[in-house]
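Open the model in your viewer and keep the selection tool at hand. Each stop below says what to select and what is there.

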Amino acid sequence: MTTTRTLAIPGGRLSYEVRGAGPVLVITGAPMAGADFVPLAEAMAGDYTVVTHDPRGISGSVLDDPAQDSTPELRADDLALLLDALGAESADVFGSSGGAVTGLALVARHPARVRTLVAHEPPSLELLPDAADQRAATEDIIATYHRDGVWAAFAKFMATAGFDQGDEGAPAGPPGEPTEQMLADSARFFAHELRGTTRYVPDVAALKAAPARVVVGIGDESGGLVTYRTSVALAELLGTTPTEFPGDHGGFIGRTEEFAAVLRKVLAG
């Protein structure tokens, strides 16, 4: 059974779904909406109370001020409020892409609320030796959006990130005929989320000091992606080894059952 709920957050309201039974597992993305994680959530719901949500400003999670930027810190605070609403003192968290950055901010800001964080391919570009070049490329993508629109920015984003145009799991929306909501979410990603997410610098000292276990996830087919490099860099700073998951950046979409099996094993410790 799946229930859909709404939660008041500072400056807006958050739409989320709850399914399954057992320990709480929050699955979070950015900018991917909760709907993109439904197959993974259903695969995990036999063992966990799985919570998926639309991050602030995306899909069903609306803001009073649509021009407000989305930052990892704001999204992390939203997740803490979500745990409050669930009556959960702590939870396991799976974060993908920008959601992995959200998870890192959650552990740093609310360390007691997370048991295990699986940070799957966080785009933490500031950790790379060529961070200045990556920053410039990100600014160029954003400028392209404002000048030429969503699809021009999306194509440039895909190329910069290392995706082939047909790859699943790309953060600006799935392939196929775009809906009005997909276009709106993509526009928000480029205008109000991409910069804040990629410029976030994980607080490594806080992550190491937190009671939470932080696991860096990396796709076994992600070798050509910039998020492979950022994941390796983060794991090195944490003094850990990345855990391989099936597929690439969107492995939870293309290889859901295999992905869920690995996630289940990681969460079990």
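**Stop 1: α4 and α6**

Select residues 131-148, helix α4, and residues 180-198, helix α6. This is a predicted model. The axes of the two helices come within 9 Å and cross at roughly 165°. An angle over 145 degrees counts as roughly antiparallel, so α4 runs roughly antiparallel to α6. The crossing of α4 and α6 is left-handed.

Now show side chains at the contact. From α4, pick T138, E139, I141, I142, Y145 and H146. Their partners in α6 are A187, F190, A191, L194, R195 and T198. Colour the contact residues of α4 and α6 by type: seven are nonpolar, three polar and two charged.

**Stop 2: D148 and R147**

Select D148 and R147. Their side chains meet in a salt bridge, with N to O at 3.1 Å. Is R147 buried or exposed? R147 is exposed, at a relative accessible area of 55%. D148 has 48% relative accessibility and counts as partly exposed. In total, the structure holds 15 salt bridges.

**Stop 3**

Move to R255 and D220. They form a salt bridge, and the closest N and O atoms are 3.5 Å apart. The two residues come from distant parts of the chain, 35 residues apart. D220 sits in the loop between β7 (213-219) and α8 (226-238). R255 sits in the loop between α9 (251-254) and α10 (256-267).

D220 is partly exposed at 38% relative accessibility. R255 is also partly exposed, with a relative accessible area of 24%.

The side chains of R255 and E221 meet in a salt bridge at 2.8 Å, N to O. E221 lies in the loop between β7 and α8 and R255 in the loop between α9 and α10, so this pair ties together parts that are 34 residues apart in sequence.

**Stop 4: α2 and α3**

Go to helix α2, residues 72-86, and helix α3, residues 98-109. Their axes come within 8 Å and cross at roughly 70°. Angles of 65 to 115 degrees count as roughly perpendicular, and α2 and α3 are therefore roughly perpendicular to each other. α2 passes α3 in a right-handed crossing.

Show the contact residues. On the α2 side, they are P72, E73, R75, A76, D77, L79 and A80. On the α3 side, they are G98, V101, T102, A105, L106 and R109. Colour the residues of the α2 and α3 contact by type: seven nonpolar, two polar and four charged.

**Stop 5: L207**

Finish in helix α7, residues 204-209, and select L207 there. Buried or exposed, where does L207 fall? L207 is buried, with a relative accessible area of 4%.

Next, show what L207 touches. Leaving aside residues up to four places away in sequence, the contacts of L207 are L104, V107, A108, P202, V214 and L238.

Last, draw a C-alpha to C-alpha distance from L207 to P31. The two are 23 Å apart in space and 176 residues apart in sequence.

Conventions: Residues are numbered from 1 along each chain as its sequence is written. This is a predicted model: local features need pLDDT of at least 70, side-chain atom pairs count only at pLDDT 80 or more; totals for chains, interfaces and linings use all residues. Side-chain values use heavy atoms; hydrogens and water are left out. Axes are lines fitted to C-alpha atoms, for helices over the stretch in contact, and angles run from 0 to 180 degrees between N-to-C directions. Helices (H or I, at least four residues) and strands (E, at least two) are DSSP runs, numbered from the N terminus. Angles under 35 degrees count as roughly parallel, over 145 as roughly antiparallel, 65 to 115 as roughly perpendicular and the rest as oblique. A crossing is left-handed if the near helix is turned anticlockwise from the far one by less than a right angle, and right-handed if clockwise. Contact means heavy atoms within 4.5 Å. Ala, Val, Leu, Ile, Met, Phe, Trp, Tyr, Cys and Pro count as nonpolar, Asp, Glu, Lys and Arg as charged, and the others, Gly among them, as polar. A salt bridge is a side-chain nitrogen of Lys or Arg within 4 Å of a carboxyl oxygen of Asp or Glu. Buried means under 20% relative accessible area, exposed over 50%, partly exposed in between (1.4 Å probe, protein chains only).
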